[in-house]
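Trainee: Hi, could you walk me through this one?
Mentor: Happy to, here it is.
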Amino acid sequence: KKIDLINILPMLKNMGLYIYDQITSRIGNLNTTAGYIQTFRVSNNKGNVIRKDDYQQLLGDMMVAIFRGQSIDDPINELALAAKLDWRSVNILQLYRNYLNQIKAPFTRTKVNSCLLKYPQHAKMLIEYFQTKFDPDGSFGSLEYRTQNLLPQIREKYINGLAEVKEVADDTILRKLLNVLECTLRTNFYLEKTDNETFISVKIDSKKVDGIPIPTPYREIFVYDAHVEGVHLRFGPVARGGIRWSDRPDDFRTEVLGLVKTQQTKN
């Protein structure tokens with residue numbers, strides 16, 4: 001089917017592309033349309049030529065994921081170009097950005113987006129830290145080696161790079177993102193899934209998260225996907241729980257925190 005420009009131009013813009021023009025070619029005969037080829041002439045948003053060999057796969061895979069509903073049209077998709085991150089890596093950053101929003105970090109999603117795009121090298125290091133900590137690939141070495149050698153090296157490089165950050169708010173955001181990553185204990189990201197399973201869950205040691213609202217849970221599991229988010233809060237190693245639908249998309253953790261606090265009082 002031919003894609004209407006109103007549906008694709010915002011997506012291309014969020015991927016960091018500058019669109020010069022577009023040509024649509026219909027494929028078929030006089031009676032039947034087999035399909036369309038839509039050709040866009042683009043550069044990056046600074047007007048520079050994009051190297052096809054470096055970015056065609058990254059950008060193509062991201063567009064397919066968005067059209068399939070596996071990912072969202074999001075301003076930080078520009079990190080595909082700015083930091084050479086694939087769409088699944090961008091999903092990880094979306095998860096942590098949204099988690100900051102839920103714990104009432106004093107910054108809007110727009111501000112966090114702006115910060116990540118301003119410092120794409122730090123966004124890339126956050127993904128490197130996540131991969132080094134959780135990827136089961138044996139090439140990273142043992143858990144002990146990662147913990148004692150690789151992760152401290154990435155952290156030191158990340159913190160040293162903050163010397164170049166000019167705005168206090170950006171510095172705070174980047175430190176908070178690293179802090180939550182350091183407090184992440186487990187993830188399902190590397191488990192085998194079907195092509196349609198794109199959800200990510202992370203288990204967080206809540207008491208170590210800087211500035212988290214009180215009461216502070218013992219652990220929490222934050223779940224993120226293109227069209228759903230959720231959180232499970234627990235105040236001890238063994239805890240009962242339930243499922244609740246929330247109509248507070250930017251504030252559901254506060255709602256759940258109130259419910260679990262009431263349950264603690266009853267207990």
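Predicted model: local features only at pLDDT ≥ 70, side-chain atom pairs only at ≥ 80, totals over all residues.
Trainee: Where is asparagine 113 placed?
Mentor: Asparagine 113 is in helix α5, residues 109-118; helices are DSSP runs of H or I, at least four residues, numbered from the N terminus.
Trainee: Is asparagine 113 buried or exposed?
Mentor: Asparagine 113 is buried, with a relative accessible area of 8% (buried means under 20%, exposed over 50%, partly exposed in between, with a 1.4 Å probe and protein chains only).
Trainee: Which residue does the side chain of asparagine 113 join in a polar contact?
Mentor: That partner is arginine 97, through a side-chain polar contact of 2.9 Å. A polar contact is a pair of N or O atoms within 3.5 Å; within protein, one must be able to donate a hydrogen and the other to accept it, and residues adjacent in sequence count only if both atoms are side-chain atoms.
Trainee: And how far is the C-alpha of proline 75 from that of asparagine 113?
Mentor: Those C-alpha atoms are separated by 6.8 Å, with the residues 38 apart along the chain.
Trainee: New topic: which element gives the largest share of the largest pocket's lining?
Mentor: That is α9, with 9 residues. A pocket is an open set of points on a 1 Å grid over the protein atoms alone, where a 1.4 Å probe fits, with protein on both sides within 12 Å along at least five of seven lines; lining residues have an atom within 4 Å of a point.
Trainee: How many residues line the largest pocket?
Mentor: There are 40, and Val231 and Arg244 are among those nearest its centre.

Note on methods:
Residues numbered from 1 in each chain as written. Heavy atoms only, no water. Helix = DSSP H or I, 4+ residues; strand = E, 2+ residues; numbered from the N terminus.
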